[in-house]
Amino acid sequence: MSYEMLTVEHRGAVGLIQLNRPKALNALCAQLMQELGRAVAVLDADPAVGAIVLTGSERAFAAGADIKEMKDFTFADVFAANFITRDWEHATRVRKPIIAAVAGFALGGGCELAMMCDMILAADTAKFGQPEVTIGTIPGAGGTQRLTRFVGKSKAMHMVLTGEMIGAEEAERIGLVAKVYPAAELLEKALETAEKIAGFSRPIVAMAKEAVNKAYETTLAEGVHFERRLFHSTFATSDQKEGMNAFAEKRKADYKHA
């Protein structure tokens, strides 16, 4: 499958997607988001792929939504087109882990896209923000909701109401980012992390991802109950047997993803 605004490649068991609109700092337009939806669906369905890395350029992961494209939309336009819902949320429906590798700007829709992924790894050059208030609107791709769940009400409120950016170190400190690396090492470290995840049992990784995500959607008691049932179900897999036997026998596990 060919793409105009993305590059997609395989690095072993890892699918690597790079946003590629350099003149627009990877601003998220309709075509790019449609291509991204197709790309993640293809990689999610590929049995050779165990994890996905989504990245941008050194200057920008994505500097935001394409304001020039949307500035003249009316309410009727965005409502009828189901804007954002239709084309922007594919990453949230992928069962395989997606790592956002963020360097440079991740603002507005770019920050929201990163938060749709399962974890964010950042370069020390990364800048995160939700500046929509400065152009007369509010975050519309989950910025008020996911950001609050990541960093808490007070910090999310400050970012959303002031439009101010935060750097990578602060993003890590408040829990938005998992780890920060020197910019020159970011992609290598993201691929290493993805390769490590891809080396584990694919069904078990999918269950673990589903269980963590459930924590944001339910009460603690219901979440623990959900986790317990998934934990019990792992004992129906051959990979659980292989993993525990390999541990007991002090050898590396040979997972069959079944």
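**View 1. Leucine 25 sits in the loop between β2 and α1 (30-45).** This is a predicted model, in which local features need pLDDT of at least 70, side-chain atom pairs count only at pLDDT 80 or more, and totals for chains, interfaces and linings use all residues. Residues are numbered from 1 along each chain as its sequence is written, and side-chain values use heavy atoms, with hydrogens and water left out. Leucine 25 has a phi near 50 degrees, a positive value in a residue other than glycine. Most residues other than glycine have a negative phi. With 21% relative accessibility, leucine 25 counts as partly exposed (buried means under 20% relative accessible area, exposed over 50%, partly exposed in between, with a 1.4 Å probe and protein chains only). Helices (H or I, at least four residues) and strands (E, at least two) are DSSP runs, numbered from the N terminus.

**View 2. Here is the hairpin of β1 and β2.** Strands β1 (residues 6-11) and β2 (residues 14-19) run antiparallel, joined by six bridges; two strands pair if DSSP finds at least two bridges between them. Look for arginine 11, which stands opposite valine 14 in β2. Two residues lie between the strands, and glycine 12 takes a positive phi near 65 degrees.

**View 3. Four strands make an open sheet in the order β4-β6-β8-β9, with mixed pairing.** At the edges stand β4 (60-62) and β9 (166-167), each with a single partner strand, so one side of each has no neighbour in the sheet. Strands β6 (residues 105-107) and β8 (residues 127-129) run parallel, with three bridges joining them. Phenylalanine 105 has lysine 127 in β8 as its bridge partner.

**View 4. A patch of negative charge gathers Asp124, Glu169, Glu172, Glu185 and Glu188 on the surface.** Patches like this take residues with over 30% relative accessible area and no salt bridge, with like charges joined within 9 Å. A salt bridge is a side-chain nitrogen of Lys or Arg within 4 Å of a carboxyl oxygen of Asp or Glu. Glutamate 188 belongs to helix α8 (residues 186-198) and is partly exposed, at a relative accessible area of 47%.

**View 5. Valine 212 is part of helix α9 (residues 202-214).** It's exposed, with a relative accessible area of 53%. Its C-alpha atom and that of glycine 223, eleven residues apart along the chain, are separated by 8.8 Å.

**View 6. Lysine 250 lies in the segment after α11 (238-248).** Lysine 250 isn't a glycine, yet has a positive phi of about 55 degrees. It's exposed, with a relative accessible area of 77%.

Note on methods: Patch = residues over 30% accessible without salt bridge, like charges linked within 9 Å, V, L, I, M, F, W, Y side chains within 5 Å. Areas by Shrake-Rupley, 256 points an atom, 1.4 Å probe, with all protein chains shown as cover. Lys, Arg positive; Asp, Glu negative; His and termini not counted. Charge placed at Lys NZ, Arg CZ, Asp CG, Glu CD.
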